[in-house]
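I opened my notebook to look through one structure, entry by entry. Here is what I looked up.

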Amino acid sequence: MCTGIRTIVIFAEDPEKSARWRSHVLDTPVHRDLAGTNVHTWLDVADIELGFHMLDEQHNKRGGSPVPYRSVKHLDTAREMLLGARCTHHRGPLDVEAGTGCPPGRPRW
């Protein structure tokens, strides 16, 4: 059903500063994509994207956990199976690529 975790979103007061710090520690470059007023900043680490977003008091309160995004081959099938197993929606399903300025050609996450 799931092909693994594709992205982990980390919410921060200063996403670019957080990305730069982790970039230095992990010795990997920072990537940025601008889409209107939205800036998506990320690092690629061991086939997982560490995405950094502005702290969002509505969807991820201060001190909240990072949010993992999983890749699935068949969204409707995966969704039905998870709901059938008594899981509940947090905020999904979402097409995060449509709202984050994910660069063209990058896989959906």
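Entry 1: I began with glutamate 16, which is partly exposed because its relative accessible area is 26%. I noted the cut-offs: buried is under 20% relative accessible area, exposed is over 50%, and partly exposed is in between, with a 1.4 Å probe and protein chains only. I kept in mind that this is a predicted model: local features need pLDDT of at least 70, side-chain atom pairs count only at pLDDT 80 or more, and totals for chains, interfaces and linings use all residues. Residues are numbered from 1 along each chain as its sequence is written, and side-chain values use heavy atoms, with hydrogens and water left out.

Which side chain does glutamate 16 meet in a salt bridge? I found arginine 32, at 3.0 Å, N to O. A salt bridge here is a side-chain nitrogen of Lys or Arg within 4 Å of a carboxyl oxygen of Asp or Glu. Arginine 32 lies in strand E2 and glutamate 16 in helix H1, so the pair ties together parts 16 residues apart in sequence. Helices (H or I, at least four residues) and strands (E, at least two) are DSSP runs, numbered from the N terminus. Arginine 32 is partly exposed as well, at 45% relative accessible area. Side chains of opposite charge can pair when their charged atoms come close.

**Entry 2: another pair.** How many salt bridges does the whole structure have? My search gave 2. Glutamate 49 and arginine 6 form one of them, at 3.8 Å, N to O. This pair links distant parts of the chain, 43 residues apart: glutamate 49 is in strand E4 (residues 48-54) and arginine 6 is in strand E1 (residues 2-12). Are these two residues buried or exposed? Both are buried.

Entry 3: I found serine 23 in helix H1, residues 15-26. Serine 23 counts as buried because its relative accessibility is 13%. I set aside neighbours within four places in sequence and listed its contacts (heavy atoms within 4.5 Å). Serine 23 touches Thr28, Pro29, Val30 and Leu43.

Threonine 28 sits in the loop between H1 and strand E2 (31-35). Threonine 28 is at 16% relative accessibility, so it counts as buried. With the same exclusion, its contacts are Ser23, Leu43, Asp44 and Val45. A polar atom of the threonine 28 side chain lies 3.3 Å from the backbone oxygen of aspartate 44.

**Entry 4: the core.** Which residues make up the largest nonpolar core? I wrote down 5 residues: Ile10, Ala19, Leu43, Leu50 and Phe52. Such a core is a set of buried Ala, Val, Leu, Ile, Met, Phe, Trp, Tyr and Cys residues joined through side-chain atoms within 4.5 Å. In soluble globular proteins, nonpolar side chains tend to be buried together. I then checked phenylalanine 52, leaving out residues up to four places away in sequence. Phenylalanine 52 touches Ile10, Pro15, Ser18, Ala19, Arg22, Thr41, Trp42 and Leu43.

**Entry 5: the whole chain.** I counted 3 helices and 5 strands. Along the sequence they follow the pattern β-α-β-β-β-β-α-α. The protein chain has 109 residues, and 30% of them count as buried. Among contacts between residues at least 6 apart in sequence, 61% join residues at least 24 apart.

Terms used
A polar contact is a pair of N or O atoms within 3.5 Å; within protein, one must be able to donate a hydrogen and the other to accept it, and residues adjacent in sequence count only if both atoms are side-chain atoms.
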